[in-house]
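Please go through the two-chain model shown below with attention to how its secondary structure elements pack.

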Amino acid sequence: MSFETDLVAVLPQLRRYARALTGDRAWADDLVQDVTERALGRHSGFRVGSNLRAWLFTIMRNLYIDQLRGKRDIAVDDETAPWRQMAAPVGEVDGLVLRDVQRALYCLPVEQREVMLLVCVEEMSYQEVSVVLNVPAGTVMSRLSRAREHMRVLLGEEPGRKSASLKMVS
Amino acid sequence: MTTSDHPENPDGADSSVTADELRALSAFIDDESTDAERAETAARVARDPASAATVAAYRAQDNALRALFTADAAPQLIVVRPRPRYLMAASWLTVGIACGLLMHLTLPMFDREHPAPMFAQHADIAYAVYAPEQRHAVEVAASQEDHLVTWLSKRLNRTLTIPSLHEYGFELVGGRLLPGEDGPAAQFMYQNASGQRLTLYMTSGSPKRKEEYAIRMLRDGERRTFYWTTDNAGYALSGQISEAKLRAISFDTCAALGGDPKRWQ
């Protein structure tokens with residue numbers, strides 16, 4: 001398998017993560033373009049046999065954080081925040097209204113959002129996430145725990161409160 | 001709002017569950033705990049309704065997030081803008097990327113021309129039917145594993161072995177007998193600590209089976225089935241975990257059941 005073939009295989013995941021992180025299709029497509037270009041340009045910076053996915057996600061994450069700073073922190077309630085332009089999802093999963101989950105996700109600080117997306121959506125291990133974010137695995141664990149609790153509060157399910165998802169336990 | 005006395009602090013710790021315990025519950029769901037921690041957390045979840053509710057809420061969040069963001073397989077055109085000193089390299093890379101994209105485009109068509117064999121489709125459907133079952137997921141539970149093996153070996157008319165998926169965090173739940181395309185088939189179900197399930201489907205060793213199958217994948221939405229044949233018997237491993245993980249387990253399972261996954265690589 002060549003570097004390019006491996007890279008192409010990761011593209012769908014990169015794009016999913018870019019969209020989830022930015023909440024903006026155009027921004028996400030640009031990010032994927034930038035990441036791919038950099039990856040090809042810095043091909044030699046990649047150690048053969050190490051985790052290509054983590055390497056690419058790290059490049060994307062750093063680019064995103066830089067671009068976010070350039071945009072002078074988009075206020076979460078800002079009507080012009082990019083994620084507000086996203087199509088509102090319909091339906092419910094496990095008693096959670098998807099639209100509420102989407103809104104809650106973009107209310108999370110970016111450090112919590114990225115950990116949540118990497119573990120829950122990209123199904124990375126804490127170890128892999130710690131490589132992507134360049135923080136200890138213990139930090140990944142506590143950030144994720146805070147993100148989940150934060151989201152629970154945002155979704156109006158305070159701990160101990162009866163909720164529809166309680167039905168899941170049988 | 002019932003208990004709004006709690007300040008909405010980001011740590012979200014309430015009186016009954018501490019931040020440490022919340023982290024343990026989180027790790028439990030992600031299958032990131034040690035064996036000892038897992039046992040301790042499982043016991044806590046079983047006796048403490050607040051912990052059980054937390055686990056349920058977190059899992060619901062995970063499922064909702066996955067539903068919000070599905071992988072988009074449609075290839076994106078990556079434009080490699082050549083820079084003078086990279087000109088040659090870049091043009092070759094463009095060719096590489098284009099070939100990669102072409103492969104992506106042609107693979108599904110290839111699959112349509114070679115539909116999955118009946119046993120793989122049966123296995124896939126059997127997963128869809130039984131994996132969500134809470135109370136009747138299996139006919140014979142893993143606690144009676146000896147009986148399960150004897151019974152199904154007899155019905156399939158060959159000696160069956162149930163591979164262990166312990167190292168992947170999946171434990172045997174039990175098994176059941178199913179009607180197959182030519183005679184009885186067996187389905188074994190496994191489950192991990194976060195409740196995800198896998199099924200391993202096996203047919204009898206039919207001498208009628210002419211085709212041999214390398215490990216291949218059948219996909220229906222989030223559900224994937226890797227299937228292969230060894231000594232005239234069909235095998236299929238189905239689940240809704242990540243493709244890479246399921247593929248890795250399939251290769252190991254194929255080897256554990258006397259097949260040679262290297263032949264297929």
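## The β3-β4 pairing in chain B

Strands β3(B) and β4(B) run antiparallel and are joined by seven bridges. Strands (E, at least two residues) and helices (H or I, at least four residues) are DSSP runs, numbered from the N terminus, and two strands count as paired if DSSP finds at least two bridges between them. The two strands form a hairpin with four residues between them, and B:G195 in the turn has a positive phi of about 85 degrees. Across this pairing, B:A185 stands opposite B:T203 in β4(B).

This is a predicted model, in which local features need pLDDT of at least 70 and side-chain atom pairs count only at pLDDT 80 or more, while totals for chains, interfaces and linings use all residues; side-chain values use heavy atoms, with hydrogens and water left out. Residues are numbered from 1 along each chain as its sequence is written, and chains are lettered from A and ligands numbered from 1 in the order in which they are written.

## Burial of β4

Strand β4(B) is largely enclosed by the rest of the structure, because seven of its seven residues are buried. Buried means under 20% relative accessible area, exposed means over 50%, and partly exposed lies in between (1.4 Å probe, protein chains only). Both faces of β4(B) are covered: B:L198, B:L200 and B:M202 are buried on one side, and B:R197, B:T199, B:Y201 and B:T203 on the other.

Strand β4(B) also pairs with β7(B), in the antiparallel sense and over five bridges. In that pairing B:T199 stands opposite B:S238 of β7(B).

## The sheet as a whole

Which order do the seven strands of the open sheet take? The order is β1-β2-β3-β4-β7-β6-β5 (chain B), with antiparallel pairing. Strands β1 (140-141) and β5 (216-220) of chain B stand at the edges with a single partner strand each, so one side of each is left without a neighbour in the sheet.

Strand β2 (residues 170-180) of chain B pairs with β3 (residues 183-192) of chain B over 10 bridges, again in the antiparallel sense. Here B:L178 has B:A185 in β3(B) as its bridge partner.

Helix α5 (residues 118-130) of chain B lies across β2, β3, β4, β5, β6 and β7 of chain B, at about 140 degrees to β6(B). Helix α7 (residues 243-256) of chain B lies across β2, β4, β5, β6 and β7 of chain B, at about 20 degrees to β6(B). The axes are lines fitted to C-alpha atoms, for helices over the stretch in contact (heavy atoms within 4.5 Å), and angles run from 0 to 180 degrees between N-to-C directions.

Helix α6 (residues 145-156) of chain B has 12 residues and reaches 16 Å from its first C-alpha to its last, close to the expected 16 Å; the expected span is 1.5 Å times one less than the number of residues. The buried residues of α6(B) are B:L148, B:L152, B:S153 and B:L156. Seen down the axis of α6(B), these fall within an arc of 120 degrees, so they line one face of the helix; the arc is that of the directions from the helix axis to the C-beta atoms. They pack against β1, β2, β3 and β4 of chain B, whereas B:D146, B:T150 and B:K154 on the other side of α6(B) are exposed. B:N157, which follows α6(B), has a positive phi near 60 degrees.

## Chain totals

Chain B has seven helices and seven strands, and 42% of its 265 residues are buried. Its accessible surface is about 14,100 Å², of which 54% belongs to carbon and sulfur atoms; areas come from the Shrake-Rupley method with a 1.4 Å probe, and for residues only the protein chains shown count as cover.

Chain A has seven helices and two strands, in the pattern α-α-α-β-β-α-α-α-α along the sequence. Of its 170 residues, 55% are buried. Its accessible surface comes to about 7,700 Å², with 49% belonging to carbon and sulfur atoms.

## A buried position in chain A

A:A54 sits in helix α3 (residues 52-70) of chain A and is buried, with a relative accessible area of 2%. Leaving out residues up to four places away in sequence, A:A54 touches A:E128, A:V131 and A:V132. A:A54 and A:L133 are 79 residues apart in sequence and 9.1 Å apart in space, C-alpha to C-alpha.
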